[in-house]
Structures are given as structure tokens and as C-alpha cells.
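Colleague: I would like to go through the assignments in this model and hear what each one rests on.
Modeller: Ask away, with the structure in view.

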Amino acid sequence: MSYPVTYYCPACGTLVELQREGYLADKAVTPYPLEGWSYADPDEPFEADGSGTDGEDVDADGVRFVCGESEAGGLRWTGEHAPDGDPSLVPEGADGCGEPFYLSFVRYEDGQEVDPGDPTEFVEVASDRPSGPRGPSGPGLGF
Ligand SMILES: [Zn+2]
């Protein structure tokens with residue numbers, strides 16, 4: 001069963017909703033790819049054990065979005081923005097600013113969570129159900 005998870009573009013704060021199966025834990029959303037992570041497009045089977053992929057091993061550690069432009073089943077640009085976002089970055093008539101951003105899943109190597117580096121570089125993951133205009137809250141990523 002899938003459920004919607006929402007993320008904010010780190011640049012303009014545009015909210016994207018993605019149907020997730022929930023096999024993989026989210027680590028961070030960043031405006032750049034983490035070193036050592038590999039990224040799939042949202043229309044690729046980024047979560048292993050998904051539906052109808054012939055048991056194919058999916059080797060993606062995250063998803064690469066292009067703000068307002070990525071298209072996939074289960075992906076939706078909601079038209080909402082983070083309270084501290086910058087909608088002025090979004091061109092007239094566009095759904096987003098057009099910048100890529102990266103959703104990274106938690107990775108493990110040898111049973112240890114892989115540390116991608118300086119955590120102060122990270123922006124917050126908006127993991128709320130899209131039920132209202134509630135902004136990010138809490139001091140950290142919650143992991
Ligand atoms: Zn954006």
C-alpha cells in the first residue's frame with residue numbers, strides 16, 4: 001500500500017507530493033546530490049520490491065526531482081509552498097522553479113548508517129500528510 005509523502009523544494013519551497021511504498025527511510029532533501037548516493041527519476045522504480053518490476057533489483061538511493069517539471073505516476077506538484085519558501089523563483093505559469101533537488105534515502109553499509117557529511121547543510125524534510133498548510137516543525141530531521 002502506498003501513501004502520499006510531501007517534500008519541499010530547497011530553492012523555492014514548492015511542495016511536491018509523491019506516492020511512496022515506505023520501504024526506504026528518508027534521510028534528507030538537498031539541492032545537490034549526496035556523494036555516494038545514486039538517484040533515480042521519479043518515474044523509475046526507485047523503491048525495490050515495488051509493483052511489477054519482475055523482482056528487479058533497484059539500485060537507487062534517492063530520487064532526483066526537477067522542481068515543477070518532473071512527471072511520474074504518483075507524483076503531484078501541489079501548488080503549495082513552504083511558509084519560508086521563495087515563490088518569486090517560480091516563473092509565471094510554472095509549477096516550480098525548474099531547479100533539481102534530491103531526495104536521499106537512508107543508506108547502510110556494514111550495518112552502519114552512512115553519514116553523508118555535514119548535517120547543517122540539510123534542509124528539513126516535510127513529512128506531513130498533505131492535509132493542511134502546516135509548515136515544517138521541530139528542530140531536526142528526526143532520525
Ligand atoms: Zn523549486
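Colleague: Which residue in S2 does Tyr 8 stand opposite?
Modeller: Tyr 8 stands opposite Leu 15 in S2. Before going on, note that this is a predicted model, in which local features need pLDDT of at least 70, side-chain atom pairs count only at pLDDT 80 or more, and totals for chains, interfaces and linings use all residues. Residues are numbered from 1 along each chain as its sequence is written.

Colleague: How many helices and strands does the protein have?
Modeller: The protein has zero helices and nine strands. Helices (H or I, at least four residues) and strands (E, at least two) are DSSP runs, numbered from the N terminus.

Colleague: What is the strand order of the open sheet of three strands?
Modeller: The order is S1-S2-S6, with antiparallel pairing. S1 and S6 are the edge strands because each has a single partner strand, which leaves one side of each without a neighbour in the sheet. On average, neighbouring strands of this sheet are turned by 30° against each other, direction ignored; the axes are lines fitted to C-alpha atoms.

Colleague: Why is Trp 77 called partly exposed?
Modeller: Trp 77 has 19 C-beta neighbours inside 10 Å. A residue is buried if 20 or more other C-beta atoms lie within 10 Å of its own, exposed if 12 or fewer, and partly exposed in between, with C-beta atoms placed from the backbone. The count of 19 therefore puts Trp 77 in the partly exposed class.

Colleague: Which residues is Trp 77 in contact with, leaving aside neighbours within four places in sequence?
Modeller: They are Thr 14, Val 16, Gly 68, Asp 95 and Gly 96, contact being C-beta atoms within 7 Å.

Colleague: What is the order of the open sheet of four strands?
Modeller: That sheet runs S3-S7-S5-S4, with mixed pairing. Within it, S5 (residues 62-66) and S7 (residues 100-105) are antiparallel over five bridges, and Phe 65 stands opposite Phe 101 in S7.

Definitions and conventions:
Pairing = 2+ DSSP bridges. Contact = placed C-beta atoms within 7 Å. Axes fitted to C-alpha atoms, helices over the stretch in contact; angles between N-to-C directions.
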